[in-house]
Amino acid sequence: MKLEGSVIFKKLPRDEHSRSLQTTISVEGLTRVFGKDPEKTLKLRNTGRSKEEIYEETKEILALYNVSFEVMPGEIFVLMGLSGSGKSTLLRCINRLIEPTSGRILIGGEDIVGMNQDELREIRRRKLGMIFQSFALLPHRTVLDNVAFGLEIQGIPEEERYRRGEELLRMVGLGEHGASMPSQLSGGMKQRVGLARALAGDPEILLMDEAFSALDPLIRREMQDELLDLQQRLNRTIIFVTHDLDEALKLGDRIALMRDGEVVQIGTPEEILANPGDAYVEQFVAGVDMTKVLSASDVMRRPEPVARCTAGSRVALHLMEEHDIGSVFVVDRERRLKGIVTLDDTLEAVRAGRGLEEIVITDVPTVAPDASLTDIISLIAESPYPMAVVDDDSRLQGLVFRGAILGALARKRGDVDEST
Ligand code: ADP
Ligand code: MG
């Protein structure tokens, strides 16, 4: 199946201009109290009482308080926070499975808080797809039926239902499993069915609540990759709930950090890591594996010195002596990487009157600027040379030295040890 040419699944336009014009979802001052007397609860909140103190006094739960944010078309917006911080309540307000106590929720400019049941059903059907942690598949129906179920409710004829269902299953890598029963599938496969089912109505917006949290770490990472891949092709707007920072950093274009029903910080992954808004965020960030977050371009140095391959072995020798190094990278006129020459080989070449092209070692590992430190560390461990960072055109962008990686990790963790 060719996804780009699919008639069923439109790839929504990725237009930077329309982004700034209209948000897909705007949440404005959203509050939700679980309890009989929200007014009293809110009064207490206004006098500065915490969620916990309010609960002590009234037994009411301030699950969300004055939450505001905007989600742009095509964005993966992550809601992150500890268990009980209000993520699920917030997500369920957005499709109004939970009624807000106050505030507005605009979807495509329409406030859904005032909508009646018919209007709501229409919005849910046309615009929203939902995926939960528990797969919630119908146990006595086949995988294909599970995917096509939503379409059945919408009165779409059987033939088209199944055609779409099968296309969706292929899209999530389950093309062969339409006739299986849910109980025959692994957890990862079940969640693929959940994803296909959510996409069945061709929704503009996907709401995902801890969708991958029940999966084994390996399968979980695979599903994350797949979601990113799918998003690349379909360009939906996604609100993704997770309590896992690594997952949030990997998936999120932006992340909203929640605590006790309030949003404490919104930013890109880089912003959140670089400037944690408060101690709560810092605590979250302290647990991050920096090797996954930093990339080659964060730790590389200017590629100096380098030898032009036209320059000859004498010049290369001179560079190495001057900089007291045992090898030097060789580039062409356009700074495209040709390889590396060693001091020994160069000495030999000078003596024999040979050029650099005869001694250049072309089999050197390289990485792209966005390669993660995890990738670099394993490569650099096996290579006697610094790591060359090259762009798509093989142009040399920078060099990564072992010490720079260790230094960057130490600095980011905040325990700088200058001796490394
Ligand atoms: P999260 O998804 O971040 O773990 P939730 O949104 O499920 O958090 O819960 C937020 C708060 O609201 C918690 O304190 C939780 O106990 C409370 N809560 C959630 N649902 C209900 C409910 N139906 N009735 C009463 N309290 C609830
Ligand atoms: Mg939850």
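## Notes on a predicted model with one ligand

1. Strands here are DSSP runs of E with at least two residues, helices are runs of H or I with at least four, and both are numbered from the N terminus. Two strands are said to pair if DSSP finds at least two bridges between them.

2. Before going on, a word on the basis of these notes. This is a predicted model, in which local features need pLDDT of at least 70, side-chain atom pairs count only at pLDDT 80 or more, and totals for chains, interfaces and linings use all residues. Residues are numbered from 1 along each chain as its sequence is written, chains are lettered from A and ligands numbered from 1 in the order in which they are written, and side-chain values use heavy atoms, with hydrogens and water left out.

3. Back to the hairpin. Five residues lie between β12 and β13, and Arg-335 in the turn has a positive phi of about 65°. Five of the six residues of β13 (residues 337–342) are buried, so this strand is largely enclosed by the rest of the structure. Buried means under 20% relative accessible area, exposed means over 50%, and partly exposed is in between (1.4 Å probe, protein chains only).

4. For the overall picture, the protein has 18 helices and 16 strands. Of its 420 residues, 47% count as buried. The C-alpha atoms fill a box of roughly 90 × 60 × 40 Å along the principal axes. The protein is divided into domain 1 (16–288) and domain 2 (296–411), with bounds from an automatic or database domain assignment. Their C-alpha centres lie 46 Å apart.

5. Please also look at the open sheet of four strands, which has the order β2-β1-β4-β5 and antiparallel pairing. Its edge strands, β2 and β5 (110–111), each pair on one side only. Strand β1 (residues 25–34) and strand β4 (residues 102–107) are linked by five bridges, and Ile-25 has Ile-107 in β4 as its bridge partner.

6. Which residues surround ligand 1? Among them are Phe-34, Lys-51, Ile-61, Leu-82 and Thr-89; a residue counts as near if one of its heavy atoms lies within 4 Å. β2 (61–71) and α4 (87–94) each supply at least two residues of this shell, and α4 gives the most, with three. By class, the shell has four nonpolar, six polar and two charged residues. Here Ala, Val, Leu, Ile, Met, Phe, Trp, Tyr, Cys and Pro are nonpolar, Asp, Glu, Lys and Arg are charged, and the others, Gly among them, are polar.

7. A backbone N or O atom of Gly-84 lies 2.7 Å from an oxygen atom of ligand 1. For Gly-86 the corresponding distance is 3.1 Å, and for Ser-85 it is 3.2 Å. The protein covers 61% of the 560 Å² of accessible area that ligand 1 has on its own, by the Shrake-Rupley method with a 1.4 Å probe.

8. Finally, is Phe-132 buried or partly exposed? At 23% relative accessibility, Phe-132 counts as partly exposed. This residue sits in the loop between β6 (128–131) and α6 (143–153). Its C-alpha atom is separated by 9.4 Å from that of Leu-195, 63 residues apart along the chain.

Terms used
A polar contact is a pair of N or O atoms within 3.5 Å; within protein, one must be able to donate a hydrogen and the other to accept it, and residues adjacent in sequence count only if both atoms are side-chain atoms.
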